[in-house]
Amino acid sequence: MNMKNGKRTIIFTILLLSVALYAGTGTALAKTKTVKVDMANKASKTMRLAALSKAKKVRVKSSKSSVAKVKYKKTKKNRRIVITGKKPGTAMVTVRCYLKGGKKKVYKYKVKVTKSSKTRQTGKKPAFAGTLKASLNDTGYVKLQYSKIAGAEHYVVQRKTETGEWKKLKTAWKTTLTDQTVKADTVYEYRVQARVSGTYTQYSNVVRIAVGKIGSNSNDAGNPSPLPSPEPAVPSVPTPKPSPEPTPYQAKYSYEVSVLNQFTIYEDVPIVLYVKTDNPNPNDFDNVYVSIGAYGEKVLGGPAYSYEDIEYLDQEKTNTNYFKKVKGGWIYTCRAEEPGIRTVSIQELEKGENNNNTWRTVDTFQIEVKDGAAGKKSFCEKVIQTVSSEDYNEDGLGKWGSLSEQQKMERLEGYIRDNMNYPRIDTNGSYLGYNTIWIIQENVGADWETGFTDCGGAAKLLRDMANMIGIEAYTYTTTLNGALHIKVQAVIDGQEYYYDATPWEGGYKNWEYIQLDKY
């Protein structure tokens, strides 16, 4: 989940101290750990203590339940302690695990609940900081030009007639657009809005323009040219008739494409396209084709993806190898192999005689694919800078300069694990386990940008950070509860050490299906 404005976060400081085993009592007493909870953000902390899996009985208590509430939650597959902040203040939380043989393990937490000034952004949409202009080009079509908005991801242009309603004309990545779908002798109105940092601005000013004759804007009736001098008569020579101009291709169906990604698109990040069309079956006889690049180069087809927050319709009567049926159209997924500006085209197959078929482009637009390797490197550098600063001691290991290489790996491991989320789903409060999901508006994107990662993504981040500080490290595949699991293997002084940076916290979330009607 994106951890920026409006999202909830928790900051935890846990002092890793030794556990003393009191002779004769069978009780393991842990020294107090500190947990900080910010009420302006996510106000709960989930802990999966090792002793819970072996405990015959668990008792939890908060000294001030009005400040911090604690619960023990148990399912067939999982046991956990949940601490929830209720109001600013300090409370002591005690967890007692009663083990076999009369032994008991006690955990103590000093919970500090605060409420920062960071609140969810509300209010009106930001204004469109610019203007929209319209003119007719040499062939009578409408040329639109609008201001470039700083940080704009794309622009949405709308159009209406004098008596009609506003409808989306195009999603554009440039600040100019020529509307070649206008009709002669018709008055049109246009407006535009920009998408900046995941939020749409207000609409621009409305421009009104009358379209006259299409094909030429010349009209020399008022300024007739002088008649040429008569030429001597010469015998007429028959000239061959010119070949007729080819008839422009008329698309069989209408197509309108929207990009559903809410985060930056990098190479190998799924690009989710919503193709709004009245075509009942794009894959029928392969009559529709999606291409990225002039010849479809440097792109990987990606129809293998499925998104749980998109409501798919009955697929039985359709060929869905590439497209998946949704309300109002189809979902198509692909991904670019390299960064750059990629032109996406929607093409229909025009069938000719003797199987002489031709692909005809019916719609194009551009997608900017950014350098993911550079973005990931920048993220790793920032994390290393954070955990190596003089005042950073969130894990109680001390100053960076005094840490061993094993402790440096532990610090990086803990930072990734505590500051990122594992993509899971929780429905009606019941924990469903490690179900990896893609939520279109939340976490389709690079893990360092979305804040969501699984064991593989976390291992790659830790491996890269280790290599950047001069520690030899590799990803290591093993199993966990019968499933594949990925850790990091580090080689320090000739010895092998293993680290698991998989996040403990999950994206517990109820969601509603994406409302495709708005696209």
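Author: Happy to! Let's begin with Arg417: leaving out residues up to four places away in sequence, Arg417 touches Asp500, Ala501, Thr502, Pro503 and Trp504. Contact here means heavy atoms within 4.5 Å. This is a predicted model, where local features need pLDDT of at least 70 and side-chain atom pairs count only at pLDDT 80 or more, while totals for chains, interfaces and linings use all residues. Residues are numbered from 1 along each chain as its sequence is written, and side-chain values use heavy atoms, with hydrogens and water left out.

Reader: Thanks! Is Arg417 buried or exposed?

Author: Arg417 is buried, with a relative accessible area of 15%. Buried means under 20% relative accessible area, exposed means over 50%, and partly exposed lies in between (1.4 Å probe, protein chains only).

Reader: And which helix is the place of Arg417?

Author: Arg417 sits in helix α2. Helices (H or I, at least four residues) and strands (E, at least two) are DSSP runs, numbered from the N terminus.

Reader: How many helices and strands are there in the protein?

Author: The protein has five helices and 31 strands. Of its 519 residues, 39% count as buried. Among contacts with a separation of 6 or more, 63% are between residues 24 or more positions apart.

Reader: Back to α2. How do α1 and α2 cross?

Author: The axes of α1 (residues 372–387) and α2 (residues 405–419) come within 11 Å and cross at roughly 115°. Axes are lines fitted to C-alpha atoms, for helices over the stretch in contact, and angles run from 0 to 180 degrees between N-to-C directions. The crossing of α1 past α2 is right-handed. As for the term, a crossing is left-handed if the near helix is turned anticlockwise from the far one by less than a right angle, and right-handed if clockwise.

Reader: Which residues in α1 and α2 meet there?

Author: From α1 come Val383, Ile384, Thr386 and Val387, and they meet Arg411, Leu412 and Tyr415 of α2. The residues of this contact divide into five nonpolar, one polar and one charged. In that count Ala, Val, Leu, Ile, Met, Phe, Trp, Tyr, Cys and Pro are nonpolar, Asp, Glu, Lys and Arg are charged, and the others, Gly among them, are polar.

Reader: What about the largest nonpolar core, which residues touch the most other members?

Author: That core has 26 residues, and Val387, Met409, Leu412, Ile416, Leu462, Met465 and Ala490 touch the most other members. A nonpolar core is a set of buried Ala, Val, Leu, Ile, Met, Phe, Trp, Tyr and Cys residues joined through side-chain atoms within 4.5 Å. The elements giving two or more residues to this core are α1, α2, α5 (455–468) and β30 (483–492). α5 provides the largest share of this core, six residues. There is also a second, separate core of 22 residues, which includes Val35, Leu49, Ala68 and Val93.

Reader: Let's switch to sheets. What's the order of the open sheet with β11 in it?

Author: The order is β11-β12-β15, with antiparallel pairing in this open sheet of three strands. Its edge strands are β11 (132–136) and β15 (176–179), each pairing on one side only. Two strands pair if DSSP finds at least two bridges between them. The twist averages 20° from one strand to the next.

Reader: How many bridges join β11 to β12?

Author: Five bridges join β11 to the antiparallel strand β12 (residues 142–146). Ala134 stands opposite Leu144 in β12. On the next pairing, β12 and β15 are antiparallel over four bridges, with Leu144 opposite Leu177 in β15.

Reader: Last one: how many residues of β20 are buried?

Author: Six of the seven residues in β20 (residues 271–277) are buried, so the strand is mostly covered. β20 pairs with β19 (residues 255–259) in the antiparallel sense over five bridges, and Ser258 stands opposite Tyr274 in β20. Six bridges also join β20 to the antiparallel strand β24 (residues 329–336), where the bridge partner of Val275 is Trp330.
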